[in-house]
Amino acid sequence: MALQLLVDACHAVLLDDGFDTPPTAAAVSLIRGTIDKIGPDDVALVDEVLFLEETNNGGAGHHNDPPIITCKTVYEWDNFTITVFFLPPGAAMPLHSHPGLTVFSKLLLGSAHVVAYDWVRPSVYTGSGSGSGSTMTMLAEKALDHEFTAACGAWVLFPDSGGNMHRFVAGEDGPCAFLDVVTPSYSPAKQGPCSFYRDLPYDLHPGEEMNDPEIMAKILRNLPPRFKEIVIAIKTLLNMSTMAVVDLMEQIKEAEEAFEEASTSLQHEG
Ligand SMILES: [Fe+2]
């Protein structure tokens with residue numbers, strides 16, 4: 001019943017032609033509220049939990065290495081997919097992204113630690129080189145670092161916010177299962193491949209000897225042309241030698257938000 005309510009809610013608020021537009025705030029709120037009512041019994045988890053325990057424990061205390069992670073698609077439509085994932089204790093889904101997709105997740109069983117990041121916008125490359133074989137490092141900011149249990153509500157990640165790149169590690173306290181609603185339905189041809197990443201602390205860039213002023217100069221050089229006046233203003237009015245990278249990014253973020261607001265009001269007036 002709860003699962004049917006979720007399917008009905010998704011059909012009602014996820015537009016068939018909304019492939020390029022994330023769901024509205026009202027749609028997010030409705031789907032989130034409906035997912036929160038779903039429990040393990042609504043997606044018939046009993047068989048999968050038994051399968052997981054037998055497969056990963058070998059029936060005789062033997063732990064499968066690497067642990068087997070399984071999933072089943074519960075419902076699929078053009079513009080959304082509902083899937084349940086099963087992880088044995090301690091199993092990890094490495095840091096990966098869902099480009100162009102909005103993903104609602106709800107833990108149904110066990111516990112899990114989720115760490116998620118979004119790219120800093122506009123993009124900031126701090127590594128050296130480009131193309132295959134070279135090191136390309138992009139700045140990302142942490143959006144989520146949280147321990148979830150089945151008692152927690154659903155969380156949502158959007159194409160550009162909420163932690164589209166995430167790592168999921170099941171707790172050691174028993175099997176873990178979570179339900180995903182992904183919209184639109186994933187298509188490698190449309191959204192590109194799901195990519196995997198390695199996260200490095202900001203102060204540990206291997207091979208990078210740049211100090212903050214050098215990183216900031218590189219950031220300013222790589223900004224799109226529309227930031228030209230902002231770059232001149234920053235260089236003229238601010239003391240780059242005493243400024244932190246995080247402060248520079250804040251200034252750029254504010255400028256970009258101002259551009260977006262101006263563009264939105266122009267569109268409305270048009
Ligand atoms: Fe994911």
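Is aspartate 42 buried, partly exposed or exposed? With 18 C-beta neighbours inside 10 Å, aspartate 42 counts as partly exposed. A residue is buried if 20 or more other C-beta atoms lie within 10 Å of its own, exposed if 12 or fewer, and partly exposed in between, with C-beta atoms placed from the backbone.

**Conventions**

The structure is a predicted model, in which local features need pLDDT of at least 70 and side-chain atom pairs count only at pLDDT 80 or more, while totals for chains, interfaces and linings use all residues. Residues are numbered from 1 along each chain as its sequence is written.

**Stop 1: the whole chain**

Display the protein as a cartoon. The secondary structure comes to 7 helices and 9 strands; helices (H or I, at least four residues) and strands (E, at least two) are DSSP runs, numbered from the N terminus. Of the 270 residues, 24% count as buried. Among contacts with a separation of 6 or more, 76% are made by residues 24 or more positions apart. Two residues are in contact if their C-beta atoms, placed from the backbone, lie within 7 Å.

**Stop 2: aspartate 42**

Select residue 42, in the loop between H2 and helix H3 (46–57). Not counting residues up to four places away in sequence, aspartate 42 touches Ala2 and Leu3. Its C-alpha atom is separated by 9.8 Å from that of leucine 108, 66 residues apart along the chain.

**Stop 3: helices H1 and H2**

Select residues 2–13 (H1) and 25–35 (H2). The two helices pack at an angle of about 175°, with their axes 9 Å apart. Axes are lines fitted to C-alpha atoms, for helices over the stretch in contact, and angles run from 0 to 180 degrees between N-to-C directions. H1 and H2 are therefore roughly antiparallel to each other; angles under 35 degrees count as roughly parallel, over 145 as roughly antiparallel, 65 to 115 as roughly perpendicular and the rest as oblique. On the H1 side the contact is made by Leu5, Leu6, Ala9, Cys10 and Val13, and on the H2 side by Ala27, Leu30, Ile31, Thr34 and Ile35. These residues divide into 9 nonpolar, 1 polar and no charged, where Ala, Val, Leu, Ile, Met, Phe, Trp, Tyr, Cys and Pro count as nonpolar, Asp, Glu, Lys and Arg as charged, and the others, Gly among them, as polar.

Next, select proline 23, in the loop between H1 and H2. With 24 C-beta neighbours inside 10 Å, proline 23 counts as buried. Leaving aside neighbours within four places in sequence, proline 23 is in contact with Val13, Leu14, Val28, Thr102 and Thr183. Valine 13 is 10 residues from proline 23 in sequence, and their C-alpha atoms are 7.8 Å apart.

**Stop 4: the five-stranded sheet**

Turn to the open sheet of 5 strands, with the order S1-S2-S9-S4-S7 and antiparallel pairing. Two strands pair if DSSP finds at least two bridges between them. Strand S1 (70–77) and strand S7 (155–157) stand at the edges, each with a single partner strand, so one side of each is left without a neighbour in the sheet. S1 and S2 are joined by 7 bridges in the antiparallel sense, and lysine 72 stands opposite valine 84 in S2. H2 lies across strand S4 (102–109), S7 and S9, running at about 15° to S4.

At the end of S9 (176–183), select proline 184, in the loop between that strand and helix H4 (188–191). The peptide bond from threonine 183 to proline 184 is cis, with omega near -5°.

**Stop 5: the nonpolar core**

Which residues touch the most other members of the largest nonpolar core? In this core of 40 residues, they are Ile35, Leu108, Ala112, Ala177, Phe178 and Leu179. Strand S2 (residues 80–87) contributes the largest share, 6 residues. A nonpolar core is a set of buried Ala, Val, Leu, Ile, Met, Phe, Trp, Tyr and Cys residues joined through C-beta atoms within 7 Å. Centre the view on leucine 179, which touches Ile35, Ile38, Val43, Ile82, Val84, Lys106 and Leu108, not counting residues up to four places away in sequence.

**Stop 6: the four-stranded sheet**

Finally, display the open sheet of 4 strands, ordered S3-S8-S5-S6 with antiparallel pairing. Strand S3 (92–97) and strand S6 (140–149) stand at the edges. Neighbouring strands here are turned by 10° against each other on average, direction ignored. Strand S5 (residues 111–119) is joined to strand S8 (residues 165–170) by 6 bridges; tyrosine 117 has methionine 165 as its bridge partner in S8, and valine 114 has phenylalanine 168. S5 and S6 pair over 9 bridges, with leucine 144 in S6 as the partner of alanine 116.
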